[in-house]
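Please open the model in a viewer and follow the selections below in order.

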Amino acid sequence: MAHVLFNIWRTTSTGGEFREYKTEITEGMVVLDAVHQIQAEQANDLAVRWNCKAGKCGSCSAEINGKPRLMCMTRMNDLPQDKPIVLQPMKAFPVIRDLVTDVSVNYRIKKRIKKFRPRTPDFPDGTWRIAQEDVDRVQEFRKCIECFLCQDVCHVLREHELHEKFAGPRHMVYTAALEMHPLDVEDRRHQLKHEGGIGFCNITKCCTNVCPEKITITDNAIIPLKERVADRYYDPLMRLFRFFMNKK
Amino acid sequence: MGHAALIHTYRKDLWWVRPLLVFIALSSFVVYATWAAFQGEYYAAGPYLSPFYSPELFGNSPHSWFGPKPMWWPAPLPFSPALLILWAPGGFRFTCYYYRGAYYKSFWADPPACAVSEPRKTYRGENSFPLILQNVHRYFLYLAVIFVFILLYDAWKAMWFTDALTGEKTFGIGVGTLVLTTNAVLLGIYTFSCHSFRHLVGGFKDKLSETPVRKKVYHCASCLNRRHMNWAWFSLFSVAFADIYVRLVSMGIWTDLRIL
């Protein structure tokens with residue numbers, strides 16, 4: 001049984017500070033287990049948001065040794081234990097208390113995205129027929145658990161705090177799921193370019209790297225959307241082609 | 001959590017290694033390619049033509065399409081066949097989605113690495129001039145596709161050696177043939193794994209099941225696209241090595257071995 005030192009961010013009346021906690025680690029523990037143990041034994045007032053402990057609810061997002069990760073999916077034996085493990089809340093969002101952040105800005109941004117608008121039903125009974133292979137592409141995006149780690153690691157939001165100008169990776173994935181849906185007829189390119197600020201993304205792929213659901217955010221969602229925006233706004237030949245082909 | 005350092009992070013891994021390697025590799029390539037482009041000599045050896053100089057629109061080698069340096073070329077300007085064409089593949093790589101992400105990190109520290117702070121406060125990204133011009137990538141793609149076919153033709157020509165006595169061309173394969181063919185194939189894969197190519201062949205459509213051929217091409221492009229970064233690096237090294245190979249053979253430093 002090893003004892004591991006944690007440096008955990010604690011809010012104070014003047015802001016916050018890192019405090020040291022030493023706890024015993026047993027085989028199979030994840031970071032969230034260690035935090036719960038510290039909470040039970042040493043710091044009853046330590047605030048941490050969690051729910052499923054299975055990497056599916058997206059509640060326990062935090063920064064572990066500087067990297068945005070889910071605490072419940074980060075095994076203790078994957079972390080170097082010769083130095084203190086640094087635990088802090090997500091930097092891109094306002095801290096409510098200790099490791100808990102206010103992520104409500106994401107829900108406000110999501111509400112602004114144009115809703116799903118299906119084409120006229122294919123049959124008189126009001127139903128549609130779609131090929132499985134056509135929805136396969138958007139299935140990947142529906143795996144998102146809204147942990148907002150991608151929003152946290154995105155330097156546009158994290159460093160430059162452009163929440164009002166750039167929707168961020170999570171909402172690009174959400175938009176892609178709607179925009180590429182075979183039934184959807186809505187055109188979100190104007191919204192992507194202006195309110196969504198897709199041009200702010202400079203393709204660092206950090207969002208893809210931190211996604212616990214392994215969604216290929218940059219390559220499969222953001223870049224294809226950037227290309228669709230380019231079709232409409234930056235490619236006169238394509239606009240001409242689409243005009244004559246009478247395509248969306 | 002405030003900090004005053006220029007670049008700050010709580011990351012404990014070697015996050016700076018990758019951007020540093022990218023910086024060294026890309027800088028070395030740009031310096032070498034610029035030097036090689038300005039040389040204007042030792043770019044052809046027998047049936048081999050350096051990819052930096054292909055197509056040789058005007059020049060002194062037998063590979064030239066339209067003869068020697070044109071009379072209208074302004075005298076004060078340095079002339080090299082490579083300077084006429086290198087802007088196209090150079091532009092394709094400069095505006096490539098993979099390279100953009102890589103050099104924004106390595107050269108601009110924008111950001112230096114994921115979850116590492118930046119040395120500047122303002123940020124405009126690709127939302128305004130000048131980086132909004134990166135959207136021209138697909139036009140460079142059109143040119144890059146043409147270059148791929150030209151380089152494949154060069155690889156074909158590199159299989160036909162002129163007999164010094166009779167002047168007849170005979171089929172053969174030298175190490176240079178393999179180098180140029182490998183390079184053309186890798187450049188082809190890099191080009192066809194491009195995100196813009198993937199979009200243009202089918203990514204723009206929501207219902208690919210309606211067009212089976214398009215669907216197959218899209219899936220093929222997507223398959224290549226998953227390794228776009230790898231193809232970008234492999235083709236970068238191969239194109240530099242192909243130039244070095246032809247240059248050293250042309251200078252007589254290396255001897256081209258005939259396999260067939």
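Select helix 6 (residues 175–192) and helix 9 (residues 228–250) of chain B in this predicted model: their crossing is left-handed (the near helix is turned anticlockwise from the far one by less than a right angle). Helices here are DSSP runs of H or I, at least four residues, and strands are runs of E, at least two, numbered from the N terminus. The two helices pack at an angle of about 155°, with axes 9 Å apart, the axes being lines fitted to C-alpha atoms over the stretch in contact and the angles running from 0 to 180 degrees between N-to-C directions. Helix 6 and helix 9 of chain B are therefore roughly antiparallel (over 145 degrees).

Residues are numbered from 1 along each chain as its sequence is written, and chains are lettered from A in the order in which they are written. Local features need pLDDT of at least 70, side-chain atom pairs count only at pLDDT 80 or more, and totals for chains, interfaces and linings use all residues.

Then select residues 171–192 of chain B, a span that is 82% helix and 5% strand, with end C-alpha atoms 29 Å apart.

Finally, move to chain A, where the automatic or database domain assignment gives domain 1 (2–101) and domain 2 (104–245). Their centres, taken over C-alpha atoms, are separated by 32 Å.

Conventions: Parallel < 35°, antiparallel > 145°, perpendicular 65-115°, else oblique.
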